[in-house]
Amino acid sequence: MKKLIFTIAFFTACVTAKAQINKDTVGLNLPVKNGEVIYTDVVEVDGKTKDELYRNAQQWFINYFDGAAKFTQDVDKNDAYVCGRGVLKFTSGLRLDANVLWGNDVTIKIECKDNKYRYTFYLMVIKDITDNAEYAIEQISGAVLGTQKWPWSKNAAKNVLIQNDEKLKSAISFLKNDMEKTTTDF
C-alpha cells in the first residue's frame, strides 16, 4: 500500500513539474527568465584574448547583419563589450494559405573576457514586415498561453515562436563560429 501511495505521489509530482515547465516556456522550451524571453550563454574559447574576442564580436555584427555598423549602439573597448540591435527575418504561416514575413528586432550584447564571452539576445520585438505591426515576444508567447491578446490564432502564435527560435539559434551558431576565427579569417 505504501508503494502504491508513493508511486501515485511521485507520478503527480512529475506531471505537475512538467505542466509548470510547459507553462513557463509555452511548451516550446523557450528560455524564459523573469517573464522575458532571453537567449544567453557563456562560451569558452581557449587561446583568445578579450581584445580578439571583442574584434570578432564587432565583425560578427557587421557580417551577420549585412553591414550593421549603423545598428551597433554601444561599444566599449576597455570593458570589451558590443551591444546593438539587429533584425532577424523569418517567415511563418498564419493560416493554411498565408505566410507572413516577420522580423525580430532584437538587442544583442556580447561581453568578452580572456578565453570566454557571454552573448545575450533580449528585448525582442516581432514585426509583421508587411503591415508594420509590432508585438513583444512575450505578447506572442502569452497568446499561446491564453494570457495575452494578439490578432491571430494560438497556433499562428506558436508557429511564429518556433520559426523565431530557429532563426535565433542559427544566429547564435554563426556567432559561435565567428568568435573562434582569427582576424585573418575575416
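Asn104 is buried, at a relative accessible area of 0%; buried here is under 20%, exposed is over 50%, and partly exposed is in between, with a 1.4 Å probe and protein chains only. Before going on, the housekeeping: this is a predicted model, where local features need pLDDT of at least 70, side-chain atom pairs count only at pLDDT 80 or more, and totals for chains, interfaces and linings use all residues. Residues are numbered from 1 along each chain as its sequence is written, and side-chain values use heavy atoms, with hydrogens and water left out.

Back to Asn104. The residue is found in strand 6; strands are DSSP runs of E, at least two residues, helices are runs of H or I, at least four residues, and both are numbered from the N terminus. What does the side chain of Asn104 make a polar contact with? The side chain of Asn164, at 2.7 Å. A polar contact is a pair of N or O atoms within 3.5 Å; within protein, one must be able to donate a hydrogen and the other to accept it, and residues adjacent in sequence count only if both atoms are side-chain atoms. Leaving out residues up to four places away in sequence, Asn104 touches, among others, Phe90, Met124, Ile126 and Leu168, where contact means heavy atoms within 4.5 Å.

Next, the rings. The whole structure has 11 aromatic pairs. Rings of Phe, Tyr and Trp (its six-membered ring) pair if their centres lie within 6.5 Å; planes under 30 degrees apart are stacked, over 60 edge-to-face, the rest tilted. Trp60 and Phe61 have ring centres 5.3 Å apart and planes at 70°, so this pair is edge-to-face. Trp60 also pairs edge-to-face with Phe121, at 6.3 Å centre to centre and 75° between the planes. Trp60 and Phe121 are both buried. Ring pairs link these residues into a cluster whose members include Trp60, Phe61, Phe121 and Phe174.

Last, the backbone. Most residues other than glycine have a negative phi. Asn29 has a positive phi, near 55°, and lies in the loop between helix 1 and strand 1. Asn115 has a positive phi too, near 70°, in the loop between strand 6 and strand 7. Are these two asparagines buried or exposed? Asn29 is exposed, at a relative accessible area of 58%, while Asn115 is partly exposed, at 31%.
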